[in-house]
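Work through the exercises below with the sequence and the model open. Try each task before you read its solution.

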Amino acid sequence: MAKMTIAEALRQALREEMRRDERVFCIGEDIGIEGGFGGAFTVTLGLSEEFGHDRILDTPISEIAIAGVAIGAAMAGMRPIADVQYGDFLFCMMDQLANQAAKMRYMSGGQVAVPLVMRAPVGATARGPQHAQSLEAFFTHIPGLKVVAPATAYDAKGLLKSAVRDDNPVIVFEHKLLYGSKGPRSERGALSPIGEVPEEEYLVPIGEGIVRREGKDVTIVAKLLTVYRALAAAEVLARQGIEVEVIDPRTLVPLDKELILASVRKTGRLVIVEEDNLTGGWAAEIAAIVADEAFMWLDAPIKRVSAPDVPPPFAPVLEREYVPDEEKIVAAVLSLF
Amino acid sequence: MKSSDVNFSNSRNARDGLPNPSLSAGFGNPAGASRDLSNSSHSTDAGELPDAEQLTRIYHTMVMIRRFEERVNELYLQGRIPSTLHLYIGQEAIAAGVCANLRQDDYVFSTHRPHGHALAKGVAPQAIMAELFGKATGCCRAKGGSMHVGDVRVGMFPAIAIVGGNAPIAAGAALAAKMQGTDRVTVSFFGDGAANEGAWHEGLNVAAIWELPVIYVCENNLYAASTSFSLTFKVKNVADRAAAYGMPGVIVDGNDVLAVYQASQAAIERARQGGGPTLIECKTYRQCGHSRSDPRTYRTHEEEAEWKERDPIPRFHQWLLDRGVCTAEQLDEVALNVEQTVDEAIIFAESSPEPQVADLYADVFKE
C-alpha cells in the first residue's frame, strides 16, 4: 500500500489507463503546458513528459470544444478523458453534455457509444459564486450520463479507472478541498485526506456505495467533502450516545439505492448532506426515494443539510454559513430525536 | 503569420456575388446552364470531372433525395408520418456533390435537415423511411426520428439537430481519425444559421489549430428558419470567416453539383493528405419552408421563383444531355429506378412493426 493524496491517486489512474490502452487520451485547458500547473489542481502534472502533447492535449479556452471534441473522438473509437478547470464551466458546454453525449446512444438506437470521462472540480473555496458550485444534481437529472463522486484516494483512483473503461459518458466530480494539491496550487482550508492505495491493479465498480461508519440510530448519506463533515458529526454525536451510520454512495448514477434503503430500514432516521443548493437538489431526490420505498420504516422526518438557495458567496464568514458543516449536521440529527 | 497573409481568395469562386439570382446565367436556357456549369469547373483547383458512370450516380442521388422527400411530404400531409419535417428540396447538389467524393469509412455529421446527407452517404432508403414512420426497423430504431437519421456502418453518424452542435464533434471524430493513423476524413454539414453559434466557432478553431482532416460544408440557404442571412451576418459570406481561423474558405454555387463536387474533392484530398480543414460555403436555397409549419411569408414569391429557375436537378439533367453523358432515356430510367426504390421503402416502412413499449428503456446506456 502506498499513501497518497486524491490528486496523486487520480494522476496514477490516468497514467495506468493511458499505458494500458492507447485509445485513452486527456484533453483540457492548461493540462500539459511546459511550466504550467498540470490542470487547475495539478492532477495531470508531468503526464505530458511520458505521453507527449498529442495524448495530453491542451486546448484553447473553449469548453464547448473540449466536450464536443471528446464526444466526437469517443464516437470514433477513442476514450478521451476531458478536464474542466472548474465544475462551473460545465455550464458552458451544457449542450454538448446534455443534448449530445447523453442522448447519442439513445437517439441512434444503440448504434453509437460515447465512452468519455469528464472530470470536474466542485466545492466552495473562497472563489466567489462562479468557481464554487456543486453541480451534481444537474447531471444526475439527465438520463444517459453516469455520475461518480469519489471522496477518498482509493475511490478516486478506482472509480476513475472504471470510468475510463466504461462505454458511456461518465462525469467525475472531485472536491477541491480533497485533492491535496501541493505547491502554489494547494488550497487554503483543504482537508487533503491522505489515503492508502494498493500497488496492484484494482477497480472500484461504478454503482456501489460504501458504509463509512456503522451505526444503529440514524443514517447520514453524504458525498465528497460532506462525507468527512458527516464523519466528524458522527464523532460528536457518539459522545452523546447517538450511533450514526454514514453512507457514501460514491456513484450518484447509477445509485446504490439498496445500500441506503437497507440502512434506513435499520436506523429509522435519515439525514442527507450535500454542498449543493437545497431546492430540486440531489438530497431531495434521495429523500423522495426513501419516502417512496422505506416510508414505513421511518421514525422521524427526513432532513436535508444543504447549501441555502443563494449563490456561493466569497467572504469566508459568509461561505462558512453557506456550506454544510459538522455543527449543522449535528443539529439536524438531534432534531430527529 | 499575420492575418493579412492568410489570403485564400485565389481558391475562391470568382462569382462572389452569389446568392443574387440575377447573376445566374439564364436557367431554363440549356446553353446558359451548360456555360454556367463549365465555368464553375474552371473555378476550382482540382479540376477533374467524374466519369460518366459516376456522373449518372450523382444524378441518381439527387433525384433520389428529391423524390424521397416529395413522397415523404405527401405522406406527412396525409397524416401517415408523425413528426415535423425539414425538407432538403433545392439543396440536393450539395449532399450529392460532396458525398460522391467520400469513401464509406469517411464520416458525415449532419443537422436537423439530414435526409439528403443520409441518402447521399448510403444509408438505406428503407431504413430512413421506417425511421420517419416511427417503426422498429428504422435506422435508429425509431428513437431518433427525422432529425437524427444515420447509420454508422456507412459512416453516417446520427444527425445532430442542435444548430451548430456538430462542429466540435466533427472535429473530435477527425481528431480520432488522425490519432488512429488513418486517412479518413470527416464532413460536417450545417446551415448558415449554425455559423452564428459559439459551438461552431470553437469547433472550427480547434480544427484549424490541430490541422484536423475535416471539411466544414456550409449550406447557405439564405434563411435561418425565417431570419434572412443579411440580418444575422455583417460579412457577405460565411466563408469570409475562414480567414479568422486560418483555414481556406471556398465559395461555390451550391445549386451547381459539379462545382460542389470539385470544390469538395479538392478539400477532401487536401484533408486526406494532412493538409487540414477547409470551410466550403455553398450558396443555395431551401425551396420549401423551414419545417412543415412554415408558410414562408417572410420571403417573396419572386425570390422563390428566381431560385426555382436555378433548381439544381433540371440544371444537371440538361448538362448531362448537352454533354452527351446520358441519353434522355437513360435519365428517365434513373427516375423510374428511384421511384421504385421509394415505393419499396414506403411499403417496407408501412408494413414494419411498431417498436415494443419496452424499447423505451433500451439503449440509454451501453451495458
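**Exercise 1.** Leaving aside its neighbours within four places in sequence, which residues is A:I272 in contact with?

Solution. Residues are numbered from 1 along each chain as its sequence is written, and chains are lettered from A, ligands numbered from 1, in the order in which they are written. This is a predicted model: local features need pLDDT of at least 70, side-chain atom pairs count only at pLDDT 80 or more, and totals for chains, interfaces and linings use all residues.

Step 1. Set the rule: two residues are in contact if their C-beta atoms, placed from the backbone, lie within 7 Å.
Step 2. Apply the rule to A:I272, and the partners are A:V221, A:A283, A:I286, A:A287 and A:R304.
Step 3. Helices (H or I, at least four residues) and strands (E, at least two) are DSSP runs, numbered from the N terminus.

**Exercise 2.** Why does A:I272 count as buried?

Solution. Step 1. Recall the cut-offs: a residue is buried if 20 or more other C-beta atoms, placed from the backbone, lie within 10 Å of its own, exposed if 12 or fewer, and partly exposed in between.
Step 1. A:I272 counts as buried because it has 28 C-beta neighbours inside 10 Å.

**Exercise 3.** Trace the open sheet of chain A, then look at β4(A).

Solution. Step 1. Read the order of the seven strands: β3-β2-β4-β5-β7-β6-β12 (chain A), with mixed pairing. Two strands pair if DSSP finds at least two bridges between them.
Step 1. Find the edges: β3 (56-58) and β12 (251-253) of chain A each pair on one side only. From one strand to the next, the twist averages 20°.
Step 2. Go to β4 (residues 79-83) of chain A, which pairs with β2 (residues 24-28) of chain A in the parallel sense over five bridges. Here A:F25 has A:P80 as its bridge partner.
Step 3. Turn to β5 (residues 117-122) of chain A: three bridges join this strand to β4(A), also in parallel. A:D83 is bridged to A:R119.
Step 4. Sort the side chains of β4(A): A:R79, A:I81 and A:D83 point one way, A:P80 and A:A82 the other way. Five of the five residues of β4(A) are buried.

**Exercise 4.** How many residues do domain 1 and domain 2 of chain A each give to their contact?

Solution. Step 1. Take the bounds, which come from an automatic or database domain assignment: domain 1 (2-197) and domain 2 (210-334) of chain A.
Step 1. The C-alpha centres of these two domains of chain A lie 26 Å apart.
Step 2. Domain 1 of chain A gives 26 residues to the contact, and domain 2 of chain A gives 24 residues.

**Exercise 5.** Which helix gives the largest share of the side of chain B that touches chain A?

Solution. Step 1. Count the contact: 35 residues from chain B and 34 residues from chain A.
Step 1. In chain B, α6 (166-179) and α7 (198-209) each supply at least two residues of this side.
Step 2. The largest share, ten residues, comes from α6(B).

Note on methods
Axes fitted to C-alpha atoms, helices over the stretch in contact; angles between N-to-C directions.
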